[in-house]
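Reader: Please present the model, and then let us discuss its fold and its ligand shell in turn.

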Amino acid sequence: MNKHAHIALESLLSRSSTDALTKPAPKGEELETILSAVMRAPDHGKLRPWRLVVVKGDARVKLAEKIVESMKRLHADPDPKKLEKRYKRFSTMPMTIVLGMHLRPDDKIPLLEQELAVGAAGMNLLNALHAAGYGAVWVSGDVAYDPVLAEELGFPAPHALAGFFFVGTPEKKDHETKRRPVAPYVAEWTGEPVSFDADKD
Ligand SMILES: Cc1cc2nc3c(=O)[nH]c(=O)nc-3n(C[C@H](O)[C@H](O)[C@H](O)COP(=O)(O)O)c2cc1C
């Protein structure tokens, strides 16, 4: 394996999520390079259904307020502690990138494939952030499926949100979590239906 392949694989194999994030978050040209990784996501029909919304600085507080409003909309009697926790997370994370989906329900490309392409874009974003030395975590929660919040962020139906990426510098240098072996999730098909050790009780 050549050196570049080794470095790229090491990066893929060592990524793990963290929400223990501090400043700095990427900015300027470095951020643009990282975001460019979404343009390498596989994409049936060249629809490019992913959209990235960068939320930083004072706008974080505005987003946190919208998140709390969404929670109040979705729950008749929301737990004040949960409201406070979510407000704090969204208002203090160094940066949040909202991953939106620009969906075309009438296109010949099935909606699921459009959503899968956005998922692949999200994965590329996480990997690019990690490769550049930043930390991140992809979160959703029911607010991610609130059409009113989606519209407030620029995604009126049929467009929607795929989630929120908290982005920053990992507080712990070695935050990497243990990687599970892949063998239980792999099978070779030789003519009969396969089964996986991962699915055995
Ligand atoms: C679409 C999507 C939504 C997610 N939403 C949440 C969430 O709301 N809260 C959470 O703790 N993890 C959520 N996760 C999982 C984390 O992003 C992360 O993958 C998980 O904590 C495992 O960490 P790892 O990426 O290091 O394996 C979500 C993942 C995906 C793909």
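Author: Helices (H or I, at least four residues) and strands (E, at least two) are DSSP runs, numbered from the N terminus. This is a predicted model, in which local features need pLDDT of at least 70 and side-chain atom pairs count only at pLDDT 80 or more, while totals for chains, interfaces and linings use all residues. Residues are numbered from 1 along each chain as its sequence is written.

Reader: In what order do the elements of the protein chain run from the N terminus on?

Author: The protein chain holds six helices and five strands. Read from the N terminus, their order is α-β-α-β-α-α-β-α-β-α-β.

Reader: What percentage of the residues in the protein chain is buried?

Author: A residue counts as buried if 20 or more other C-beta atoms, placed from the backbone, lie within 10 Å of its own. The C-alpha trace spans about 55 × 45 × 40 Å along its principal axes. Of the 201 residues in the protein chain, the buried share is 25%.

Reader: Which strand gives the largest share of the shell around the ligand?

Author: A residue is near a molecule if its C-beta atom, placed from the backbone, lies within 6 Å of it. The residues around the ligand are Ser16, Ser17, Val137, Trp138, Val139, Ser140, Gly141, Gly163 and Thr177. Three residues, the largest share of this shell, come from residues 135-139, that is, strand 4.

Technical notes. Buried ≥ 20, exposed ≤ 12 C-beta atoms within 10 Å, placed from the backbone.
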